[in-house]
Amino acid sequence: MPPPDFTSPLTFKTFNTIPSTAASPPPPSETYYLLAEIKENLSLTRPTLICSDLSSTSFALTWSDLHASPHASDVDFKALGLKKGNCVLLPNAKRTDSSDEVKQGKVVIPGGKDEWQGKAGLRVIPGKLEKVVEVGQDWEFVIEEGEGKCGSCGKEGREEELAKCMGCRGVGYCSKECQVKGWTEGGHKSTCKIIKTFKEIWP
């Protein structure tokens, strides 16, 4: 299944367009996503990541069950892939707006660090926001229309004759030389893990 339309503002919302926790909107009829890049880890007394969305709006990402603690900075977000330069994908997220009590708008993930994926469906995409969006927008051209073609030179051939990238299993090559060229010069090095993650999220 291909990923959703990355150009649709109804599917890929920004922090300011997702529903607020202060309102009581009906459950969404279709899944929407908040996609953002992790900019920094501000875990001092509470595990907190600062993220930037598609409109360059910054917000905090926190966890409901990770309470204030002097050991908050010990949470190993990197082991979960939650590190600076990677992206987070949050389905049907809700925002908490800034106020006198809350200095910055935030999204609170239900559960703690051991439950974050199962409860909330939060996924980590290993890549910067610009590159993640580029892969999403080019998916039909690169992956679907690219079937039966070498991902480097464009030579056509039977799908079974092309050697699939062992990382993403999404791009094929007609020769070892083309595979090396595609990795070093064709940009696949920066997109391989993103393609793999997309195929896991939207199988």
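Colleague: Why is strand β5 (residues 87–91) called largely enclosed by the rest of the structure?

Modeller: Four of its five residues are buried, so β5 is largely enclosed. Buried means under 20% relative accessible area, exposed over 50% and partly exposed in between, with a 1.4 Å probe and protein chains only. This is a predicted model, where local features need pLDDT of at least 70, side-chain atom pairs count only at pLDDT 80 or more, and totals for chains, interfaces and linings use all residues. Residues are numbered from 1 along each chain as its sequence is written, and side-chain values use heavy atoms, leaving out hydrogens and water.

Colleague: What makes β2 (residues 33–41) and β5 a pair?

Modeller: Two strands pair if DSSP finds at least two bridges between them; β2 and β5 have five, in the antiparallel sense. Strands here are DSSP runs of E, at least two residues, and helices are runs of H or I, at least four, numbered from the N terminus. L35 stands opposite L89 in β5.

Colleague: And which residue of β7 is the bridge partner of V88?

Modeller: That is V124. β5 and β7 (residues 123–125) pair over three bridges, again antiparallel.
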